[in-house]
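Welcome! Please take a moment to look over the sequence and the 3D structure below, and then we can walk through them together.

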Amino acid sequence: MIPRFSDHAANERTFLAWVRTGIATIAFGFVIDKFNLFLRTLASADFPAGKSIEVQHSALGRYDGTALIFLGITLIAMAAWRFVRTSRLIESDDIHQATSIRVELILSLALITAALGAYIALY
């Protein structure tokens with residue numbers, strides 16, 4: 001039996017959940033990129049009788065899919081780093097405080113607030 005197996009299993013489940021979230025974020029970024037490409041192609045198409053489709057563009061609209069792809073890659077990289085760090089902490093016999101969880105929560109909320117503020121400001 002592996003010592004502290006339940007802790008290692010919980011760590012691995014958390015890691016896989018973050019990887020799943022990162023992959024979903026990357027996939028959503030690809031969908032947004034393809035949809036933006038479709039809208040740009042549709043706006044530049046020639047329609048009979050001189051009709052055209054007007055598409056609203058913004059500074060954020062061109063790069064939002066790419067930003068989500070990079071965000072997903074960053075999520076997977078951070079999940080891998082955290083998985084390895086937590087595995088080492090589980091194996092160690094020392095007692096560790098859970099203070100870094102609060103810092104990560106505050107950082108996550110700050111990033112979400114900044115992203116929402118940028119979205120509202122640029123649209």
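Is Arg4 buried, partly exposed or exposed, and what is its relative accessible area? Arg4 is partly exposed, because its relative accessible area is 37%; buried means under 20%, exposed over 50%, and partly exposed in between, with a 1.4 Å probe and protein chains only.

A word on the model before going on. This is a predicted model, in which local features need pLDDT of at least 70 and side-chain atom pairs count only at pLDDT 80 or more, while totals for chains, interfaces and linings use all residues. Residues are numbered from 1 along each chain as its sequence is written, and side-chain values use heavy atoms, leaving out hydrogens and water.

**The overall picture**

The chain holds 3 helices and 0 strands, where helices are DSSP runs of H or I with at least four residues, strands are runs of E with at least two, and numbering starts from the N terminus. Read from that end, the order is α-α-α. Of the 123 residues, 15% count as buried. Among contacts (heavy atoms within 4.5 Å) between residues at least 6 apart in sequence, 83% join residues at least 24 apart. The accessible surface of the chain is about 9,700 Å², and carbon and sulfur atoms account for 69% of this area; the areas come from the Shrake-Rupley method with a 1.4 Å probe, and for residues only the protein chains shown count as cover.

**Helix α1**

Helix α1 covers residues 5-44, which makes 40 residues. From first C-alpha to last, α1 reaches 58 Å, close to the 58 Å expected, a span worked out as 1.5 Å times one less than the number of residues. Its buried residues include His8, Val19, Ile26 and Asn36, and α2 (64-91) is part of what covers the buried residues of α1.

**Around the start of the chain**

A search of the whole structure finds 1 salt bridge, meaning a side-chain nitrogen of Lys or Arg within 4 Å of a carboxyl oxygen of Asp or Glu. The partners are Arg4 and Asp93, at 3.2 Å from N to O. This pair links distant parts of the chain, 89 residues apart: Arg4 lies in the segment before α1, and Asp93 in the loop between α2 and α3 (100-122).

Ile2 is also found in the segment before α1. Here are the accessibilities of these residues:

| Residue | Relative accessible area | Class |
|---|---|---|
| Ile2 | 52% | exposed |
| Arg4 | 37% | partly exposed |
| Asp93 | 69% | exposed |
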